[in-house]
6 protein chains.
Amino acid sequence: MTRTLNQPLGGDTMPRTGGPGTMMRLPAAESAAGLDACFLGIPMDIGTSNRPGTRLGPRQIRDESRMIRPYNMATGAAPFDHLQVADIGDVPINLYDLKKSVEIIAQHYREVLSHDAIPLTLGGDHTLTWPILRAMAAKHGPVALIHVDAHSDTNDTMFGEKVAHGCPFRRAWEEGCLINDKVFQIGLRGSGYSREEFDWGRKQGWSCIQAEECWHKSLTPLMAEIREKIGNAPVYLSYDIDSLDPAFAPGTGTVEVGGLTTMQGLEIIRGTAGLNLVGGDLVEVSPPYDPTGNTAVIAANFLFEMLCALPGVSRLR
Amino acid sequence: MTRTLNQPLGGDTMPRTGGPGTMMRLPAAESAAGLDACFLGIPMDIGTSNRPGTRLGPRQIRDESRMIRPYNMATGAAPFDHLQVADIGDVPINLYDLKKSVEIIAQHYREVLSHDAIPLTLGGDHTLTWPILRAMAAKHGPVALIHVDAHSDTNDTMFGEKVAHGCPFRRAWEEGCLINDKVFQIGLRGSGYSREEFDWGRKQGWSCIQAEECWHKSLTPLMAEIREKIGNAPVYLSYDIDSLDPAFAPGTGTVEVGGLTTMQGLEIIRGTAGLNLVGGDLVEVSPPYDPTGNTAVIAANFLFEMLCALPGVSRLR
Amino acid sequence: MTRTLNQPLGGDTMPRTGGPGTMMRLPAAESAAGLDACFLGIPMDIGTSNRPGTRLGPRQIRDESRMIRPYNMATGAAPFDHLQVADIGDVPINLYDLKKSVEIIAQHYREVLSHDAIPLTLGGDHTLTWPILRAMAAKHGPVALIHVDAHSDTNDTMFGEKVAHGCPFRRAWEEGCLINDKVFQIGLRGSGYSREEFDWGRKQGWSCIQAEECWHKSLTPLMAEIREKIGNAPVYLSYDIDSLDPAFAPGTGTVEVGGLTTMQGLEIIRGTAGLNLVGGDLVEVSPPYDPTGNTAVIAANFLFEMLCALPGVSRLR
Amino acid sequence: MTRTLNQPLGGDTMPRTGGPGTMMRLPAAESAAGLDACFLGIPMDIGTSNRPGTRLGPRQIRDESRMIRPYNMATGAAPFDHLQVADIGDVPINLYDLKKSVEIIAQHYREVLSHDAIPLTLGGDHTLTWPILRAMAAKHGPVALIHVDAHSDTNDTMFGEKVAHGCPFRRAWEEGCLINDKVFQIGLRGSGYSREEFDWGRKQGWSCIQAEECWHKSLTPLMAEIREKIGNAPVYLSYDIDSLDPAFAPGTGTVEVGGLTTMQGLEIIRGTAGLNLVGGDLVEVSPPYDPTGNTAVIAANFLFEMLCALPGVSRLR
Amino acid sequence: MTRTLNQPLGGDTMPRTGGPGTMMRLPAAESAAGLDACFLGIPMDIGTSNRPGTRLGPRQIRDESRMIRPYNMATGAAPFDHLQVADIGDVPINLYDLKKSVEIIAQHYREVLSHDAIPLTLGGDHTLTWPILRAMAAKHGPVALIHVDAHSDTNDTMFGEKVAHGCPFRRAWEEGCLINDKVFQIGLRGSGYSREEFDWGRKQGWSCIQAEECWHKSLTPLMAEIREKIGNAPVYLSYDIDSLDPAFAPGTGTVEVGGLTTMQGLEIIRGTAGLNLVGGDLVEVSPPYDPTGNTAVIAANFLFEMLCALPGVSRLR
Amino acid sequence: MTRTLNQPLGGDTMPRTGGPGTMMRLPAAESAAGLDACFLGIPMDIGTSNRPGTRLGPRQIRDESRMIRPYNMATGAAPFDHLQVADIGDVPINLYDLKKSVEIIAQHYREVLSHDAIPLTLGGDHTLTWPILRAMAAKHGPVALIHVDAHSDTNDTMFGEKVAHGCPFRRAWEEGCLINDKVFQIGLRGSGYSREEFDWGRKQGWSCIQAEECWHKSLTPLMAEIREKIGNAPVYLSYDIDSLDPAFAPGTGTVEVGGLTTMQGLEIIRGTAGLNLVGGDLVEVSPPYDPTGNTAVIAANFLFEMLCALPGVSRLR
C-alpha cells in the first residue's frame, strides 16, 4: 500500500501571496500521528531578557515561508518525495507563567514524539529548548547537541530565576539530557559577566567555537569534524537566529555584533546531513524588529534546510 | 437535529499570537457548503494604479484578526451563536493577467453563492468587486449597493483599459448588476480629471455623498435614511479602506486626504444591520504601507462588524 | 527656609536632542524623599496578551519627553513653580516571574508613598496598576478611580491566571482598594467574550462610559460630572494609551478601533484638576509598534498634563 | 495670442509611479519668467531644534504629489485652466551656515517675485518664511499673514541665536513685513517657557487662535471671519504641517499633541479663496519620520489646494 | 566642433538633498538622440510573483542616486569626461496588461537604439529584460549575456503564462536573442520545483554559477574568465538586485538567502570593463521593502558602475 | 587607599530594558574629574551633507548600549576592573551655528583633558573630530591617527565652507595636529569629484587603505603593521560608522556601498590594544535611518571595544 505524501501548495495553483498560513503552505494536521516530520510553533517570549517579540515568531516564519519550493537546488534534497510532513500548529503555552509553560511544552513534545515524528520547532524564545530536550532524552536517552548561538545559554540563573532564555542548556545538562562530549556550541561571542561564561561548557567537555574562530571562512570543514565526532548518536540541532550577525538577521532580541553569515548558517545546517537528527528548532526571531520580514525568510529557509537534512531524505546530486 | 456552530479559537485556549492563520482563528473549510457566511480572500493588486501591495491584504487581515473575540460589545451581536461561519481560503487568481483573474473570480463566487453562503471578501484591489457583483446579480438580480470609498471607481477606462481598480462600478452598471436608485457612494473626495467624475453616478440616479458632507458629525442619521431607501432589496456592501482618512488607515495605495474617521466607518457598517445584506467586501489594504499592522486591524474589525450586521444575527441589546 | 525646585533642563542650555535620558530632562533622584511628585518607570510587558513591547515604554517615553517645556500653554499650569519633582528611575521587576513582579511593585510603591510623594508611573503593561492600587489603599484607604481604557480589565482570569494585564481592576476590587461608586471607566469598546464584560463593573456600582458615547464631542462636560461625583475623595488616574484610537496612538499591544481622540484624552486629564489626585499612571505604550515615536510623545505629554493637574499646582489663567 | 498652459502629466499617459520627479509631474522651468504661479523647494533643516529631516521635504512632497489630478472635486477649482504653473526647482541654500542661507533665500525670492509669479514653497524648516516675507514686503509692502502652526515661532532667540525655526515671525515683525492687525495664528498649543509666548503676538495686535478653540468643530466660520478682516490686503499663507495633530501628520520634527485635523486644514486653505494671496508655503515635513509617505501626501495636497485658492482661479461650483 | 558633455549637478552647487529628481541629478532629455548612453526607467511590477513594489524602483533609485559624484575612486573611471549621458525618463508601460507592456517596452527600446545610445535601465520587475533583449538582438544580432540573479528566470510558464518575471530568458532564448555559449548566470540559488531548473540553461550551453560556488571569495578571477570567453561579442548585462544576499539588498520581492555580497556585485560589474557592453539593467528593487533606502543606493551605484564600464570610458589608473 | 570603580548596572539588578539612560548604564558624572576614561556625547548633525539625524546618535547609542556586560568574551579585557569610567553627558553645542559649535567642542575637550581622562565620544557628525583633535594636540602635541571611514574627509571646503563634516582632517592637518607619517585611513571608497581626493592625504605622507584592499580577508595583519608603525606615539582613533558596509550599518547619512564588515571593524579596534590611545570617537550614527536600532548597537559595542583597548586594561587571555 502506498501513501500519498503531503506537498506544499505550489505557486502555479495559488499565488504565493495567498493560500493557507501554514509552514510552506503545507497541509495542517491535528497531531503528529502518521507523520515522519512535523513543523510546530511555540509563540512565546516571556523568557526574554532584552527586546521581546518572539511570541510572534511562528506566525511570521510561516508567513514568510510561502515562497519556498519543494526542491533544494543546492543539495538536491527533495524531502517531500520521502517524508510525510505537515504543520501541526502551535503549543498552547501560558503567556503569564513561564514555569508552567515549560511543563506544557515538555508534555506536548512527549506526545509528538510518541508518534515517532521528528519535530522541527518554530520559536519562540530559547527557553523552549530545555523542555524539548527533556522530551528528547525521555525518548532517546541523552542526545548529542549542535547549538548555534551568540550566547552559551548556560547561566545558572537570571535575575535569580532558573527558567529564562539564558539558561536552557544548563538545565538540560543538570537533567542529564546531553552527551557531554558531543555538544557543540558555534558562534558564541559578545560581552559577558566573566570569563567563565563560555568556559563552563568547556569544563563539561563541550566544544565551544567562538564566532571569531569562524570569521572569513567556510564552516564546511568544521561540520565534517563535528559529524565525525558525533557518529551515530541521536543529535538535536538548536539554531538561535542571533548566531547570525545582525546585518543578516536584524529581527531578534539580544543582538551581538560580529556573528556568523547566512552562508555559514547554511553550511552548518547542510553539514548535519548524514547525522541521526532527532529534532531541531529555530528560535529567537522577533518580528517587531524585522521590518522587511527577511529575518523570518531566513528562519523559514533554515527550517526547510533542516527538513532536507533529516534521515531518509536522499540527495539527487 | 442541531448542528454545532464553528467558534473562533479563544484566547484562553491558545495565546492570541498563536493558532491558525485563518480569519478570527475560525476553522478553515474547503468550500462554502453548509455555511451561512464565509470569509474568503483575493490576493490581488494588479488592478492598482499607484502604490501596490493589496495582494498581501488577505494574509495580513487574517493575521491581525487574531485578537477579535466573538461578541460585539457595542451592538450586542453574537454572530457565532446564529450562523455557521468558516474561512474558505483564497481565490486562485492569475497574477499575470488581470482580465483572466476577473473571470476566475466571477466563477469562484458563482460556486460560493450556489451554497447560499454570504461571502465576506478580504481584498485585494477594488477591481475584484466587479466580478463579485456579476455573480451577485446572477443569483439575486440587480442589487442595491452601499459603496464606501474615496473614489467613485466609475471610470470608463484607465490607460485605455476597461478592467482596473478605478472601473468596477462602471462595469457592474453596464452589465445591469445594480439597482440604480439604490446605489449609495459615501466618502468621495480628492482631485480628479474633471467635474464629471462624481456626477456620472448621479446621472444614473446614484447618491454620491462627498466626504466633506460627512465631516465633524455622526453618520448614523445618514444610514437611517439609506436603510429607508433600500428597504428589502438585496444589498451589497463594498468597503474601500481608503474611504478612511489616512490618519486612520495609512496602509493603502491611493491615498486621499480629508476622509472619514474609523468611528464613522463603524457607524456605516453597523447602520446596515436590518438590511438584506447579500455580501460584502473590504478592499485596498496594502500591508507594505502599514508598518504597525493597524490598518489590517481596522479591516479585520470591519469585516467582523459586517458579519455582525448580517440577516439572522440578533442583537442582545 | 526656601528650597530650590528642580527644573527640566532647558533648550537654551542643551539641545533638545542631548541631555539626560530622564523624564523631561529633570534631575534624577535616588528615592522619593523630599519630593512632592515623582516620575518612575516599570519596564514590564510579561502580563501582555497580544503584541508585547511595553517593557521598553519607560525608556521611550522619557526619550520623547525631551521637548516638553515647563509651562502648560493651555491651562496655565506651571508645576515646577510649585512642586519638587524628580525622576526616581525604574522599579526592578522580575522579567521572568509576573507574580513576583507584582510583589516587587507593591513593595516599591509603599516605599515611595512613605515619603508623601505623588507617583506618576511610566508603564509597562496594565498589570502594574493592581499592586500600585494596593499600595495606594494601604496609605489612603479605598480610592476613587478614573480609568481610561479600551478594555475594562476586570477579567477574573486570563488563561486561568489571576495575574495578567486584563485583570488588575478585578484584583483591586477584590482587595477593597476602590470606592465603588466613584469608579469611572471611559473609552471601553471592541469585542468580548460576552455581554457581561462591561456589566460586571456596573454591577459593582461603577460607571462605564463606552467609547461610542464619547464620539464626535467634547468630554469636558463628562469630566465636570465626574469631578462632582468624586468630590474630595482621594482619586487615582490610570490612563491606558489604548483608550485612544490607534490613529492617534498606534504604538500599543491590544488595539481596538473606534477610540478616543488625543483631544479628548487631554480634556479628561485636564478635567481632573481640582480633584485630590493621589497618583497616576500611563500604561501600555509599546515602542516596537511606534515607528515615529509619536505614541511616546503623547504619553510623555499626558504624564506632564497629570503633573499639571496635581493638587498644589495653581493655574495662571 | 493664446498661450498653452502647462498641465500635470496624466495617469493615462504615464503610470503614476513613473514620470518626472517634479511637483504634480508638471514641467520643470529654469525660472519664474512667464509663470503665474510656481512651486519651488528649500531643502533645509539646519534651523530645526528637535528632530531633523526637513531638508528632504521638497523631494518627498514632489514624489508623493504624483497622484494629484488637475481638478479639485470639492471646490470645483481647475487651476491649470487659468494659470501658467511650473516647478522651478530648489533654492541652493548653504547647508553649513544658516545665516547665509537666509540671505540666499531672500535673494532668490526677490528674483522670483520680479516675474510676478506667485511662489508656493515646499519646505524645509520654518526659518525660511522670514526671508520670504522680507522679499514679499519688498514687493508688496507689509502683508497680512495667515500662519497655521502648533508654535507661535515668535521667539526672540533660540540658544542665543536670532535665526532659527522658532523665530521667523519675530524677525519679520521687527522688519515691518506684517500688517499687525491682519495676522492670524491658528493651531497654537503645547508647552512653553512662559505664558508670554502666545501673548507676545497678541500684544502686537495679532489674533492667536489656540488649538483648543478649534477642537470638535468646523473652521469654515473662522475663515469667513478672517477673510472679512483681511479684506483686500495682500496676504501670505504659511502652513506648518505640525499644526496638524500627529495622528494626521506624523512626519514632522517638533510634535505637539492635540492639534488640528486634516479636514480643518483643508477648511483653512479652501477658506483663503477670494483673498489676495501673494504667496504660500508648506513647511516642516520631515520624511525620515514619515514611514508611509502620507505626511508628504498631505503636504502635496495642501499645496495643490493653495494653488486652487489663488486669485484668478474660478470655481465651477 | 566640440560638444559640451552633461555633468551631474554637483554638491557645491546645490545641496545633495535638493536638485532635480533625475538619475545622478543629470539633465533630463526627451529622447536618446545625441546621447552615448542614457538612463531610463520602467516603473513596472505586474510580472512579479511574490512581494510587489518594483513599480516604484525607478523613482527611488533616482532619488538615492543623488549623492553619487562623477569620478569612480576605485577604478579611476570618469564617464562624464567621455560620454554624453542624460536621463530620458520612463517607459509608459500599461500597468493593467503585462503583455501589452512587453510590446510597449520593445518598441521603446527600438527607438532608443536607433540613436546608438547605450541604454542603462532602472527596473522594474525582470519581465522587462525580455523585450529589451528583443530590441538588442534586432540591432546587434544575438548577444552575449551576463545575468546576475538568484533565479534562472528560465521558466517556460508561470501560472500558465508565458510572460512573467520568471520567464524572460526563456523567451529571449526562444527568439534567438542570445549567443548560447556566451551566457553566464551568476548567483543562482534557493529552492525550486525540480533539479531541472538550473540545468535547463546548462543544456543550452549556458554557464550557470550557483551562489554556493561564489561564497567566501573574490569574483574577480571569475570575471577574467568570462571576459576571455565573451571576447568581442556584444554583451548585455542584466543585474537582478536579488542576486545579492538580503542582508545587503533587503528591498526586493523574491528573497533568497545565501547570496552574493555587494563587494562581489561590484567585482562583477567592474569586471565587465573591456567588454563590448551594449546595454544593462538593474531590476527588482522594491522600495516598500527598503525602509532605509539603501537597496536603492546600491542600485544607483551599480548603474553608475555600469556606466563606468562602458566602452569609451578610459580609466585613469 | 583604594577607590571603588564604577560598574555598569547589571541585568540581575535591573532588567536590561530599564535603568538609567547612560552609556552601558554606568553612573553619570558632572565632569571628568577623577576619571580614567569617560563617555560623552555630541548631539550634532548640522555639518552633514546628505541625510541628517546624527544629532540623535548619542541618545540612541546610549539606549542600545544597555545590554553590554562588563567583560569582553573575545579579548578577555575587563575594563571596569582597571579604570574609573563614567558617562559625563553631552556637549551643549549650538544647533544653529556650526562654527560656534566647533569652538564650544574644542573648549569642552580642553576641560575634559585637563583631568587626564581619556574621552570616548558618541557622535554626532564627523565635523566634531576637528575640535577634538585640536584639544588633543594642545595636550599631547601632534598625534598619530587611525581614521576608519568611507570618506577621506579632507576636503578643503564644502559649498565654500571650511567647516563641514567632509573637512575635519584637512583642518586638523592645517593646524598641525597630526603626525603625518602616522596617519592611517582605512575603508575609503565610493565616488568623488576627482582622483585627487584620496591622494591628497597620500601626498602628506598618510596611508590610505581603500576598501577594496580590505575585501574578503582579515584586517588583523594590517593592524599589526599599523601598530608597528605608530609605536609609542599618542594615537587618536576616529571611527566613522559609514566605514562599514550599509548591510551592517544602515543607519548613517552618507552611505557608500562595498564597505568593511563589522567583523573587520572589530579587528581594527581590537588591533589598537597596546597602542598609546589618547582618545576615540564613534561618529555618524543616524537613528532615523536605523529602524531596528542595530546600527546603534554596533556603535555601542565599538565604543566598549575602544574602552577595552585603552592603556591600563590588561587582558585575561
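Reader: How many salt bridges are counted between chain E and chain D?

Author: The count is two, a salt bridge being a side-chain nitrogen of Lys or Arg within 4 Å of a carboxyl oxygen of Asp or Glu. This is a predicted model, in which local features need pLDDT of at least 70 and side-chain atom pairs count only at pLDDT 80 or more, while totals for chains, interfaces and linings use all residues. Residues are numbered from 1 along each chain as its sequence is written, chains are lettered from A and ligands numbered from 1 in the order in which they are written, and side-chain values use heavy atoms, with hydrogens and water left out.

Reader: Which side chain does E:R59 meet in a salt bridge?

Author: E:R59 pairs with D:D63, at 2.7 Å from N to O. Helix 1 (residues 57–64) of chain E gives the most to the side touching chain D, with three residues; helices here are DSSP runs of H or I with at least four residues, strands are runs of E with at least two, and both are numbered from the N terminus.

Reader: And how many residues does each chain bring to that contact?

Author: Chain E and chain D bring 21 residues each, where contact means heavy atoms within 4.5 Å.

Reader: What area do the two chains bury?

Author: Chain E and chain D bury about 1,700 Å² between them, with 54% of it on carbon and sulfur atoms. Buried area is the accessible area (1.4 Å probe) lost when two parts are put together, summed over both. E:P15, E:T17 and E:R59 supply 40% of what chain E buries there, more than any other three residues.

Reader: Changing topic, where does F:R51 lie?

Author: F:R51 is in the loop between strand 1 (37–42) and helix 1 (57–64) of chain F.

Reader: Is F:R51 buried or exposed?

Author: F:R51 counts as buried because its relative accessibility is 1%; buried means under 20% relative accessible area, exposed over 50% and partly exposed in between (1.4 Å probe, protein chains only).

Reader: With which side chain does the side chain of F:R51 make a polar contact?

Author: That partner is E:N294, at 3.0 Å. A polar contact is a pair of N or O atoms within 3.5 Å; within protein, one must be able to donate a hydrogen and the other to accept it, and residues adjacent in sequence count only if both atoms are side-chain atoms. The backbone oxygen of E:T292 also lies 3.0 Å from a polar atom of the F:R51 side chain.

Reader: Finally, how far apart are the closest C-alpha atoms of chain A and chain D?

Author: They lie 11 Å apart, and no contact joins chain A and chain D.
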